[in-house]
Amino acid sequence: MTAQRWTHAFDSGAIGVSPGAVCVIGARADCDYSVFEAPHLQSDWANHTRDLKARGHVVTQDMPEAEAFETALVQIVKSKPRSLAKIAAAYRALRPGGTLMIDGPKTEGIESVLKTLRAELSELGALSKAH
């Protein structure tokens, strides 16, 4: 389950859960977002949106507004250009000093996405969950 990867960052103490506003871009139905208080969930997929709404979440297809969130979590997709566009939208949605988290398995191309980001960003930390 995807949530096991990004919650590992909290469980390990690598980052703390921000008390501020949180957005999740590319939200998936198989994830538990209960670690966040009232997250803004964005999903492009009807089945994920339906299932998340059934669990009581508010889900939109719209990207979040600029500088509105303390924390943004992006769950990548197999399309690298779409994943990078989601990351850019999440970056714009962050307040100055906010935390951007990017989640994804190797099968969806996380290593390629991170390689592209490392070429452009000087301060990029990565945390891998041991297998």
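Predicted model: local features only at pLDDT ≥ 70, side-chain atom pairs only at ≥ 80, totals over all residues.
Residues are numbered from 1 along each chain as its sequence is written, and side-chain values use heavy atoms, with hydrogens and water left out.

The protein chain contains four helices and five strands, taken as DSSP runs numbered from the N terminus (helices: H or I, at least four residues; strands: E, at least two). Their order along the sequence is α-β-β-α-β-β-α-β-α. Of the 131 residues, 37% are buried, where buried means under 20% relative accessible area, exposed over 50%, and partly exposed in between (1.4 Å probe, protein chains only). Among contacts (heavy atoms within 4.5 Å) with a separation of 6 or more, 64% join residues 24 or more positions apart. The accessible surface of the protein chain is about 7600 Å², and carbon and sulfur atoms supply 52% of that surface; the areas come from the Shrake-Rupley method with a 1.4 Å probe.

In soluble globular proteins, nonpolar side chains tend to be buried together. Here a nonpolar core is a set of buried Ala, Val, Leu, Ile, Met, Phe, Trp, Tyr and Cys residues joined through side-chain atoms within 4.5 Å. The largest such core has 15 residues, and C23 and I25 touch the most other members. Two or more residues of this core come from each of β1 (22-25), β4 (69-75), α3 (80-93) and α4 (110-120). Beyond its neighbours within four places in sequence, C23 contacts H40, P64, F69, T71, A72, L73 and A93. Another core, of twelve residues, lies apart from the largest one and includes A27, C31, Y33 and L41.

The helices α3 and α4 pack at an angle of about 55°, with their axes 10 Å apart. α3 is therefore oblique to α4; angles under 35 degrees count as roughly parallel, over 145 as roughly antiparallel, 65 to 115 as roughly perpendicular and the rest as oblique. In this pair, K80, S83, L84 and I87 of α3 meet S112, V113, T116 and L117 of α4.

Two loop residues complete the description. Most residues other than glycine have a negative phi. A38 is exposed, with a relative accessible area of 70%. E67, in the loop between β3 (59-60) and β4, also has a positive phi of about 50°, and E67 is exposed at 52% relative accessible area.

How values were computed:
Axes fitted to C-alpha atoms, helices over the stretch in contact; angles between N-to-C directions.
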